[in-house]
Amino acid sequence: MNIAILGFGTVGTGVYKIIKKANRQTKDLHVKYILIRKNKPETMPEMTDNIDQIVKDDSVDVVVEVIGGIEPAHQYILSALRHKKSVITANKAVIAKYMDEFTNVARENNAKFYFESSVGGGIPWIQGLERALRIDDVDKIQGIFNGTSNYILDRMKKDKKSFDEVLLNAQQLGYAEADPSADIDGYDVANKLCISADIAYNTFISPDDNLPVFGIRNISYEDLVAFGKKNLTVKLLGKSDFHDGKFDYAVEPTLCAATSMEANTPDNFNLISLHGNTVGDLKFMGQGAGQLPTANAVIQDILDILQNKAHLERDFNSGFEYVPNLMKSDYVVRSEMDIRNIFAEYQVEMHGDYFEIKDVPTGEMHQLMAIVLKQDGQAFMASYPKEAREVDSDESSEVRWEFSR
Ligand SMILES: NC(=O)c1ccc[n+]([C@@H]2O[C@H](COP(=O)([O-])OP(=O)(O)OC[C@H]3O[C@@H](n4cnc5c(N)ncnc54)[C@H](OP(=O)(O)O)[C@@H]3O)[C@@H](O)[C@H]2O)c1
């Protein structure tokens with residue numbers, strides 16, 4: 001099987017390395033082309049800067065897109081599919097935006113479009129979700145989808161350091177990008193949750209749909225201490241619930257019981273869960289990024305094509321509807337201003353520097369929090385679900401939210 005790799009960075013190099021190692025399963029894979037940028041020297045015989053040479057070569061079976069970003073990745077994927085090549089990509093940003101278009105063009109051209117590595121890196125999450133859907137309705141998806149933000153929260157707590165100190169350290173170690181906003185502001189999680197929801201509900205939801213997304217940029221070490229006194233750990237979660245043909249969606253910091261698997265997911269690991277009506281709860285944990293885990297998932301997709309293992313078909317015609325206020329939760333907000341008038345419709349308790357707001361629909365909470373942020377740019381919020389509260393010990397529930405600068 002002849003493969004073209006578009007983009008020879010972290011993941012592209014990993015795909016090449018694993019194929020070159022050639023074990024029993026991968027020995028029939030052959031890298032024919034590596035696409036590099038126009039101004040770069042061609043240092044290997046497989047390298048070319050000509051995308052047309054790749055897509056017009058009838059001997060190429062599979063195109064692996066690991067350039068990243070929206071354009072030209074979007075056009076290159078479409079061009080490869082229209083030339084009847086199967087496409088595998090790790091690029092969550094472009095998939096989340098164009099999943100419906102890629103799926104349709106692949107079907108029209110009798111080509112495959114697979115993307116296991118785009119959500120959860122090396123974790124077989126898409127495969128697990130698709131398997132669950134063969135039998136079940138999946139009515140809950142929840143997870144730690146972003147390793148960088150998990151690493152930051154974990155190191156802040158363990159090393160007793162501020163957000164800025166840990167972020168700088170993560171950037172120096174290469175765990176966080178120079179522009180960290182996709183990771184810390186929740187947009188990377190949003191892309192991965194859109195892809196998961198598209199599959200779970202067979203309907204297309206785009207990250208451009210103004211979805212409720214709140215990141216961890218404003219968290220302080222003192223917040224972690226205050227939550228810790230209540231046996232709680234904060235994690236950045238992507239979540240989606242489904243009932244009666246309607247589904248909801250949110251990315252938000254969430255308080256988790258200290259004994260939960262989420263709270264105990266360390267470093268840059270991911271933990272993604274689903275609930276199906278017969279299988280119950282399934283949790284998938286592992287390396288959500290990194291050169292070889294991500295390349296491993298890319299090659300699993302290539303082998304599925306080689307071995308004719310079909311993935312779930314979808315037409316995005318389920319008619320299921322995105323309803324922003326389906327999920328409800330209590331929330332904890334830290335703000336220097338008195339926010340009770342903004343939340344006048346809800347029961348609000350004040351505990352030191354924290355407000356606890358009861359039973360707020362998620363979409364509404366994010367809209368009201370946007371008003372808070374306009375007046376207090378450092379305010380922080382976390383959802384406080386009842387599962388986390390139920391395991392509060394009697395003793396710890398006496399501890400009040402308190403932290404005064
Ligand atoms: N890294 C991970 O752990 C990971 C995990 C899961 C998913 N992903 C996804 O995988 C994709 C690739 O990530 P990565 O970490 O491998 O990125 P990367 O290290 O930045 O590699 C991208 C490569 O593509 C090249 N490139 C950019 N535009 C190009 C163009 N127009 N033509 C030819 N080559 C071009 C870049 O060249 P220059 O160096 O010259 O810019 C670079 O070598 C992204 O979508 C990312 O979100 C990555």
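A note on the model: it is predicted, with local features needing pLDDT of at least 70 and side-chain atom pairs pLDDT 80 or more, while totals for chains, interfaces and linings use all residues. Residues are numbered from 1 along each chain as its sequence is written.

Next I looked up the buried residues of α1, which are Val-11, Gly-12, Gly-14, Val-15 and Ile-19. They share one side of α1 because they cover an arc of only 160 degrees around the axis, taken from the directions from the helix axis to the C-beta atoms. Among the elements covering them are β1 (2–6), β2 (30–35), β4 (62–65) and α11 (291–306). Helices here are DSSP runs of H or I with at least four residues, and strands are runs of E with at least two, numbered from the N terminus.

Then I checked the length: α1 has 12 residues and spans 17 Å from first C-alpha to last, close to the 16 Å expected at 1.5 Å a residue, a figure that is 1.5 Å times one less than the number of residues. Just after α1, I saw that Ala-22 has a positive phi of about 40 degrees.

Last, the ligand: α1 (residues 10–21) gives the most to its shell, with 3 residues.

Conventions. A residue is buried if 20 or more other C-beta atoms lie within 10 Å of its own, exposed if 12 or fewer, and partly exposed in between; C-beta atoms are placed from the backbone. Two residues are in contact if their C-beta atoms, placed from the backbone, lie within 7 Å.
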